[in-house]
Amino acid sequence: MFRKAIHEMAPYVPGEQPRPGRRLIKLNTNENPYPPSPQVRRAVARAARGQALRLYPAPQADDFITAAARRYGLSRRMILAGNGSDELLAMLFRATLGPGDRVAWATPTYSLYGTLAAVQEARVIAPPLGSNFELPLEELVRARARLTIVCNPNSPSGALTPRHILARLARLLDGRLLAVDEAYADFAEETALGLVRRLPNVLVLRSLSKSYSLAGMRLGLCFAHPEIIEQLGKVKDSYNLSRLAIAAGAAALEDSAWMLRNVERVKRTRAAATRRLLKMGFAVPPSSANFVLARMPGRDLGPLAAGLRRRGVLVRHFRAWPDALRISIGTPADMAALFKALAPLAAPLTTSRRNGPVRS
Ligand SMILES: Cc1ncc(COP(=O)(O)O)c(C=O)c1O
């Protein structure tokens, strides 16, 4: 019934979403621990009033796009709205890649890219990041891929590639498309958004799931040259954002001061969590996102993640990267609960590390 490629591919595995009512501290999917702006709730209630939901929403999510144009200082023709940035990624892959076409990114990174490439039957070229998470620029250029993606800040490392390196990569790609996935950019020191004005082969993706606390509403934005936006629009579902999502997105962007305050709180908690993890003996690369990566090179931290879950705390453990845990930044109280659960579980690991070689 299905294409061979679909039969053979593995499905994308999202982080665990507990059943409503389960009292787990969720530090596994990088949601924001603080609520969205109160303006959002009011806008959603207004959008649901009277007869509104009987009618289809605006196909181009007009109010959301107008608010984005104002917030980011770009023309409306350079912006496309998505039902989460995941939908924009799916549109990008669908519009640019056919069977055998090359797509490139540095690993490890957001694993959805691999799933989307498998659906398109594209050929993946995935050189490893450097030991300090630096981008393997030469390999990415040599791949001559139709589409190159850089997740920046990267997940799961949290590392940030400076904008000038991305600009260099875009020029070296010589007209081929460079997509910068900036789902976490509001937590970082800089962004590549300005490049879309200067470089016609650069596309930037943003999500409102993380910094704007709207993961449940499914809102993403794509910024690029109008020609790219026009082509991507051809593979868009006609009404990809609901009336409620459009209203929520516009209200959230119009109250960005609320988002920025929450981002500052998350960044303060991130600094404290990093210090604490380092003290416990984990290796923690500096993070520019709303999560940190805690590593114990050579150890499988799967049992540690399972132990934390039994104690009511969810963190992310990737089978492909067993010696690391990705921990989303929660409220200070969430992090206190994490460290209370983590201390007795991690102590034997760090002690055995100090006392001699460890078998992985
Ligand atoms: C790197 C990256 N890009 C995109 C997304 C998807 O975000 P959205 O919720 O907007 O679909 C995620 C979500 O975790 C992510 O980590």
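Alanine 61 is buried, with 27 other C-beta atoms within 10 Å. A residue counts as buried if 20 or more other C-beta atoms lie within 10 Å of its own, as exposed if 12 or fewer do, and as partly exposed in between; the C-beta atoms are placed from the backbone. The model is a predicted one: local features need pLDDT of at least 70, side-chain atom pairs count only at pLDDT 80 or more, and totals for chains, interfaces and linings use all residues. Residues are numbered from 1 along each chain as its sequence is written.

Alanine 61 sits in the loop between α2 and α3 (62–72). Helices (H or I, at least four residues) and strands (E, at least two) are DSSP runs, numbered from the N terminus. The phi of alanine 61 is positive, about 50 degrees, although the residue is not a glycine. Asparagine 30 also has a positive phi, near 60 degrees, and is a residue other than glycine. Asparagine 30 lies in the loop between β1 (25–27) and α2 (38–47). This asparagine is buried, with 24 other C-beta atoms within 10 Å. Most residues other than glycine have a negative phi, and most peptide bonds are trans.

Two cis peptide bonds can be described. One joins threonine 107 and proline 108, with omega about -5 degrees. Proline 108 falls in the loop between β3 (102–105) and α5 (112–120). Another runs from serine 155 to proline 156, with omega near 15 degrees. Proline 156 belongs to the loop between β5 (147–151) and α7 (163–172).

The protein chain as a whole contains 13 helices and 11 strands. Its radius of gyration is 21 Å, close to the 21 Å that the globule rule gives for 360 residues, so the chain is as compact as a globular protein of that length. The radius is taken over C-alpha atoms, and the rule is 2.2 Å times the number of residues to the power 0.38. Along the principal axes, the C-alpha trace spans about 60 × 50 × 45 Å. Buried residues account for 43% of the 360 residues. Two residues are in contact if their C-beta atoms, placed from the backbone, lie within 7 Å. Among contacts between residues at least 6 apart in sequence, 73% join residues at least 24 apart.

The domain assignment gives domain 1 (4–30 + 257–352) and domain 2 (38–255). Such bounds come from an automatic or database domain assignment. The C-alpha centres of the two domains lie 24 Å apart. Across the boundary, 24 residues of domain 1 are in contact with 24 residues of domain 2. On the domain 1 side, the elements that give two or more residues are α11 (256–279), β9 (291–295) and β11 (321–328). The largest share of that side, seven residues, comes from α11.

The largest nonpolar core has 101 residues. Such a core is a set of buried Ala, Val, Leu, Ile, Met, Phe, Trp, Tyr and Cys residues joined through C-beta atoms within 7 Å. Those with the most contacts inside the core are Phe64, Ala179, Val202, Leu203, Cys222 and Ala248. Helix α10 (residues 243–254) gives the largest share of this core, eight residues. At least three residues come from each of domain 1 and domain 2. Leaving aside neighbours within four places in sequence, cysteine 222 is in contact with Leu80, Gly82, Leu88, Leu203, Leu205 and Leu232.

Alanine 167 is in helix α7. It is partly exposed, with 17 other C-beta atoms within 10 Å. Apart from neighbours within four places in sequence, alanine 167 is in contact with Leu195 and Leu199. Alanine 333 is found in helix α13 (residues 332–354). With 10 C-beta neighbours inside 10 Å, alanine 333 counts as exposed. Alanine 333 and isoleucine 25 are 308 residues apart in sequence and 9.9 Å apart in space, C-alpha to C-alpha.
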